[in-house]
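Dear colleague,

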Amino acid sequence: MTDQANQSRRNFLYVAAGGLGAVAAGATVVPFIGSMLPAADTLAASKTEFNVSTVEAGQLVTIQWQGKPVFVLNRTAELLKQVDGHDDILKDAESKAIDEVQAEWMDTPEKRKFRSIKPEYLIVVASCTHLGCIPLFKPTPGRKDWGNSVPEDWYGGWHCPCHGSLYDLSARVAKGSPAPTNLHVMKYEYKSDTTVVIG
Ligand code: FES
């Protein structure tokens with residue numbers, strides 16, 4: 001088995017997450033309006049609940065939300081440190097792109113850097129913002145054999161295997177990548193200390 005395959009086995013688990021039941025439409029809604037509402041199964045799939053405490057320190061898992069893969073990364077203190085020190089080579093280090101602004105909680109410099117409600121748990125859509133490939137998790141700093149365009153002082157993050165876009169451990173895209181923006185942070189909230197509701 002190749003190093004890359006081994007790394008994938010260690011770091012890239014695919015996890016099923018339960019969909020939430022949606023609030024039913026009011027019984028008195030007139031038929032015409034009712035016909036315009038999304039089907040119940042569509043509503044049910046619009047939110048996903050996940051217990052982040054099931055992700056071990058340093059581990060990346062992929063869950064499903066609205067049919068899309070979503071990364072949940074448990075960042076250790078060491079991985080959080082790797083987010084610092086390379087803002088100058090990022091396209092949008094402060095997460096100013098419009099999709100980030102829509103995340104109402106991303107309202108402090110620290111949250112815009114870590115791009116998560118709780119720094120340790122990064123939750124982002126796992127689709128490269130270029131053409132939608134799933135980036136590969138490459139958290140170890142230093143240049144590796146997996147990409148010719150990877151800087152010698154690689155800071156750890158993701159590498160898109162399709163056209164080489166690079167993202168750091170806050171899923172912020174590097175300058176020179178074909179991907180135009182950071183990986184998307186969707187709306188989510190904590191309903192308890194460890195349970196997030198995505199969507
Ligand atoms: S799809 Fe990721 S770089 Fe093109």
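Please bear in mind that this is a predicted model. In strand β11, V197 stands opposite E49, and this pair belongs to the 4 bridges that join β3 to β11 (residues 195–198), the two strands running antiparallel.

Elsewhere, an open sheet of 3 strands is arranged in the order β7-β8-β9 with antiparallel pairing. Its edges are formed by β7 (136–138) and β9 (166–168), each of which has a single partner strand, so that one side of each is left without a neighbour in the sheet. On average, neighbouring strands of this sheet are turned by 25 degrees against each other, direction ignored. Between β7 and β8 (residues 157–159) there are 3 bridges, and H159 in β8 is the bridge partner of L136.

As for the chain overall, it comprises 6 helices and 11 strands, and 28% of its 199 residues count as buried.

The confidence calls for some care: the mean pLDDT of the chain is 81, with 75% of the residues reaching 70 or more, but helix α2 (residues 31–36) has the lowest confidence, at a mean of 38, while helix α4 (residues 77–81) has the highest, at 98. Over residues 1–37 the pLDDT is below 50, although this stretch has 37 contacts in the model beyond near neighbours in sequence.

With best regards

How values were computed: Residues are numbered from 1 along each chain as its sequence is written. This is a predicted model: local features need pLDDT of at least 70, side-chain atom pairs count only at pLDDT 80 or more; totals for chains, interfaces and linings use all residues. A residue is buried if 20 or more other C-beta atoms lie within 10 Å of its own, exposed if 12 or fewer, and partly exposed in between; C-beta atoms are placed from the backbone. Two strands pair if DSSP finds at least two bridges between them. pLDDT is the predictor's confidence in each residue, from 0 to 100. Two residues are in contact if their C-beta atoms, placed from the backbone, lie within 7 Å. Axes are lines fitted to C-alpha atoms, for helices over the stretch in contact, and angles run from 0 to 180 degrees between N-to-C directions.
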